[in-house]
Amino acid sequence: MNIKQVLDAKGLACPMPIVKAKKAINQLESGDVLEIHATDKGAKNDLAAWSKSGGHEVLEFKEENNVLKFWIKKG
Amino acid sequence: MTEKKRTTIILFSGDYDKAMAAYIIANGAAAYDHEVTIFHTFWGLNALRKDEHVPTKKGFMEKMFAKMMPRGADRMGLSNMNFAGFGPKLIKDVMKKHQAVPLPELINMAQEQDVKLVACTMTMDLLGLQQEELLDDIEYAGVAAYLADAEEGNVNLFV
């Protein structure tokens, strides 16, 4: 996986995870992967919906020690 | 890329919590790559007030209104459990604990994300608010300009 950037959104509340994800993904090229760590429970659905709407692909998602981790490929 | 989607929000309420909900949705929509407009009317205009005193020429009624309305987003009350002004202090403490973003920062963030903030000029006249008292870099318009944005809108909310 071509992970270009890791975004630490741990501890941040809605709407910050997607606002930060948007800022981060703007800096990337199509095909690059953005890794996001979040603790807001809503982020799981939020980031999945946001990726779909923006044409990005969630390659992987897992939860480790209450941290939600996403790997999102820019579309 | 297809044409950008559009979100329009009418902020009528001057309550801290309701304005916060409106601005969270606006920031979220901007992150969703929507073009976002928040149209502030009636008490919602207070969210756009500068928090410092701005000297202006006003009549008696307008001065009264200016005194009785909150000067800026941070001074707005809650729609529920306001407890004569103590409620906002409580909720701001709780927000800090949960790292929720306070309203003035949400408004800054919206401006950074190019959310279009519009003040309704008709209600500005009614409440005696002048352009100098409101934040910089906002737009002034009426119902027609709002409808022009809203008729192309995909999401449209009244708060």
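Predicted model: local features only at pLDDT ≥ 70, side-chain atom pairs only at ≥ 80, totals over all residues.
Residues are numbered from 1 along each chain as its sequence is written, while chains are lettered from A and ligands numbered from 1 in the order in which they are written.

Let's start with the backbone. Most residues other than glycine have a negative phi, and most peptide bonds are trans. In chain A, though, the bond joining A:Cys14 and A:Pro15 is cis, with omega at about 5 degrees. A:Pro15 sits in the loop between strand 1 (3-9) and helix 1 (16-26); helices (H or I, at least four residues) and strands (E, at least two) are DSSP runs, numbered from the N terminus.

Over in chain B, B:Phe83 has a positive phi of about 45 degrees. You'll find B:Phe83 in the loop between helix 2 (60-68) and helix 3 (86-97). Buried or exposed? B:Phe83 is exposed, with 12 other C-beta atoms within 10 Å; exposed means 12 or fewer such atoms, with C-beta atoms placed from the backbone. B:Asp137 also has a positive phi, near 60 degrees, and is exposed, with 7 other C-beta atoms within 10 Å.

Now, the contact, where two residues count if their C-beta atoms, placed from the backbone, lie within 7 Å. Chain A brings twelve residues and chain B eleven. On the chain A side, helix 1 gives the largest share, four residues.

Note on methods. Buried ≥ 20, exposed ≤ 12 C-beta atoms within 10 Å, placed from the backbone.
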